[in-house]
Amino acid sequence: MILTIDVGNTNITFGGYESRQLRFTARMSTDRARTSDQYAAELIQILSLYQISASLIQDGIISSVVPELTGVIGSAVEKISGKRPLIIGPGIKSGLNIKIDNPAQLGADLVCTAVGAISKYPLPCLVLDLGTATKISVIDKNASYLGCTISPGVNISLNALSHGASQLPALSLEAPKSVIGTNTISSMLAGTVLGTAAMLDGLCARIEEEMAEPVKTFVATGGLSADIVRHCKHDMQVDQNLILDGLLVIYQKNRTDGGK
């Protein structure tokens, strides 16, 4: 089994692949104060939950946007598997043609979702990642990564609104019944949920216009994607395992058949 791990600012997502088939996915909260021993112990518990022995883990690969945890998680995987996992970064072959100003600045998560999208969907493609931040990656018909947009995430916006205005309540994310709010909570949700959907539609339309060619695939991923993109006017697919699939593709390029 190949263990794929996405270390995000809010959650750490795990996926286990056997013969290129995803056998399980799991999440735990990102905690920068935890040690590799603590993460190793919790990972063993997660594997046990899915009736998987740690001895089945043959190797692993990590994408991380939390530098202080990258080595910690790598060490945790090594403790349960006996093998140091690959880490997305300099020297790793992704096969992605990155056309931004400084390719080294592209986040590991964006690399992996782009690689996953290229391996699964018709191009050109826009990848909408709705997590701690809201990002749209642009991939052209030649499988080149052209760039992206980055906006505050839905929960960040909602929390800022709640904390910044003393009379506005804190609330969980859920779809409003109408864009016209008739009370404080429905008004906040309309502005946040439907406002984000409208922003995504607007950005996608502008990107498509700038590319001067029709986008064939709009694919959304990330923890909040299903709650938001259902309100978009573009036809968007939801693929929660896109980054894990991308990690597996990159793993195969680097550890299988000499990286071919």
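Guide: In this predicted model, axes are lines fitted to C-alpha atoms, for helices over the stretch in contact, and angles run from 0 to 180 degrees between N-to-C directions.

Visitor: What makes α3 and α7 roughly perpendicular to each other?

Guide: Helix α3 (residues 108-120) and helix α7 (residues 242-255) pack at an angle of about 85°, with their axes 7 Å apart. Angles of 65 to 115 degrees count as roughly perpendicular, and α3 and α7 are therefore given that description.

Visitor: Which residues make the contact, and how do they divide by class?

Guide: Contact means heavy atoms within 4.5 Å, and among the residues that make this one are Val111, Cys112, Val115 and Lys120 of α3, together with Leu242, Asp245, Leu247 and Ile250 of α7. The residues of the contact divide into nine nonpolar, four polar and three charged.

Visitor: What makes β6 and β11 edge strands?

Guide: Six strands form an open sheet with mixed pairing, in the order β6-β9-β8-β7-β10-β11. Each of β6 (97-98) and β11 (237-238) has a single partner strand, so one side of each is left without a neighbour in the sheet.

Visitor: How do you know that β7 and β10 are paired?

Guide: Two strands pair if DSSP finds at least two bridges between them, and five bridges join β7 to strand β10 (residues 217-221), the two running parallel. Within this pairing, Leu128 has Ala220 of β10 as its bridge partner.

Visitor: At what angles to β8 do α3 and α5 run?

Guide: Helix α3 lies across β6, β7, β8, β9 and β10 and runs at about 45° to β8, whereas helix α5 (residues 184-211) lies across β7, β8, β9 and β10 and runs at about 20° to β8. Angles under 35 degrees count as roughly parallel, so the value of about 20° places α5 in that class relative to β8.

Visitor: What lines the largest pocket?

Guide: About 590 Å³ of space lies in the largest pocket. Of its 29 lining residues, the closest to the centre are Asp6, Gly8, Asp129, Gly131 and Thr132. The largest share of the lining, three residues, comes from α3, and by class the lining has ten nonpolar, 14 polar and five charged residues.

Visitor: Which classes of residue line the second largest pocket?

Guide: The second largest pocket has a volume of about 300 Å³, and of the 17 residues that line it, the closest to its centre are Ile88, Gly89, Pro90, Leu106 and Val111. Strand β4 gives the most to this lining, with three residues. The lining has eleven nonpolar, six polar and no charged residues.

Terms used: Residues numbered from 1 in each chain as written. Predicted model: local features only at pLDDT ≥ 70, side-chain atom pairs only at ≥ 80, totals over all residues. Heavy atoms only, no water. Helix = DSSP H or I, 4+ residues; strand = E, 2+ residues; numbered from the N terminus. Parallel < 35°, antiparallel > 145°, perpendicular 65-115°, else oblique. Nonpolar A, V, L, I, M, F, W, Y, C, P; charged D, E, K, R; others polar. 1 Å grid on protein atoms, 1.4 Å probe; cavity = no way out; pocket = protein on both sides within 12 Å on 5 of 7 lines; lining within 4 Å. Points joined across faces, edges and corners; volume = space filled by probe spheres on them.
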